[in-house]
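We will go from the overall fold to single residues, one stop at a time.

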Amino acid sequence: MVRFLMVALVTLAMTGCASNVVTDYNSAVAFSDYSTWAFATGAGNSSFVSLDGNRVQSAVARELNRKAMSKVEESEADLLVSWQIVEQERLERSGLGLGLGFGTGNFGWGLSAPPPVREVKEGKLVVELVDAKSEEVVWRAASRRYLNENQSPESRRKLVDEVVAEMFTKYPPELD
């Protein structure tokens, strides 16, 4: 019983450590030099801001506010925030497969069909912080959690808020 409890606790601890966000950054940059930000022209890769775009911008603004950074006009910003939702398609099996078989003794025949497959469109959020002077990406975060077409508006907002909050727990990066 004690062994089972220990295994369960270790498994739970390891699951808690798994991150839903992957980050990368330029280790030569002094992140403490940045104090202002603005959304880059064209953030979201669209001529208009979508519903998810509004959710992303709201979450990013909230998180950068928590970092004591000030939002300013793009021409005055130290950092430009660029983001996009990268669409991906994947195949999902759902339902039951069918099988049929017959036989006697050690001999038999069988036929089966796998569960039906459907295509699901998902979106992965990617946020990049760009140095306004050099126009180089200095920090990047990508989500391992996906928005999909079956989510309600409230669950989409909640997912965006959670993902962006987790992204910015890793900003500024702790330099080794």
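What you see is a predicted model, in which local features need pLDDT of at least 70, side-chain atom pairs count only at pLDDT 80 or more, and totals for chains, interfaces and linings use all residues. Residues are numbered from 1 along each chain as its sequence is written, and side-chain values use heavy atoms, with hydrogens and water left out.

**Stop 1: the fold**

Color by secondary structure. The protein has three helices and eight strands, and from the N terminus on they run α-β-β-α-β-β-β-β-β-β-α. Helices (H or I, at least four residues) and strands (E, at least two) are DSSP runs, numbered from the N terminus.

**Stop 2: salt bridges between elements**

Now show side chains. A salt bridge here is a side-chain nitrogen of Lys or Arg within 4 Å of a carboxyl oxygen of Asp or Glu. How many salt bridges does a search of the whole structure find? The search gives nine.

Select D52 and R156 to begin. Their side chains meet in a salt bridge, 2.4 Å from N to O. This pair links distant parts of the chain, with D52 in helix α2 and R156 in helix α3, 104 residues apart. Both D52 and R156 are buried.

Next, select E128 and R140, a salt bridge whose closest N and O atoms are 3.2 Å apart. E128 lies in strand β7 and R140 in strand β8, so this pair ties together parts that are twelve residues apart in sequence. E128 is partly exposed, with a relative accessible area of 21%, and R140 is also partly exposed, at 35%.

Then move to E162 and R145, whose side chains form a salt bridge of 2.8 Å, N to O. Here a helix meets a strand: E162 is in α3 and R145 in β8, so the pair ties together parts that are 17 residues apart in sequence. E162 is partly exposed, with a relative accessible area of 32%, and R145 is partly exposed at 27%.

To finish this stop, select R62, E63, R66, E154, R157 and D161 together; salt bridges that share partners join these residues into one network.

**Stop 3: the cavity**

Keep R145 selected, as it returns here. On a 1 Å grid over the protein atoms alone, a cavity is a set of points where a 1.4 Å probe fits but cannot get out, and lining residues have an atom within 4 Å of a point. Grid points are joined across faces, edges and corners, and a volume is the space filled by probe spheres set on the points. By this rule there is one cavity of 30 Å³ or more, and the largest cavity holds about 50 Å³ of space.

Which residues line the largest cavity? Select G123, K124, L125, S143, R145, L147, L159, V160 and V163. The elements giving two or more residues to this lining are β7 (117–131), β8 (137–148) and α3 (153–168).

The lining residues divide into five nonpolar, two polar and two charged. In this count, Ala, Val, Leu, Ile, Met, Phe, Trp, Tyr, Cys and Pro are nonpolar, Asp, Glu, Lys and Arg are charged, and the others, Gly among them, are polar.

**Stop 4: loops and backbone**

Select A68, in the loop between α2 (51–66) and β3 (70–71). Phi of A68 is near 60°, a positive value in a residue other than glycine. A68 is exposed, with a relative accessible area of 64%.

Now go to E135, in the loop between β7 and β8. Phi of E135 is likewise positive, near 60°, and E135 is exposed, with a relative accessible area of 65%.

The peptide bond from Y171 to P172 is cis, with omega near -10°, and P172 sits in the segment after α3.

How values were computed. On a 1 Å grid over the protein atoms alone, a cavity is a set of points where a 1.4 Å probe fits but cannot get out, and a pocket is an open set with protein on both sides within 12 Å along at least five of seven lines; lining residues have an atom within 4 Å of a point. Buried means under 20% relative accessible area, exposed over 50%, partly exposed in between (1.4 Å probe, protein chains only).
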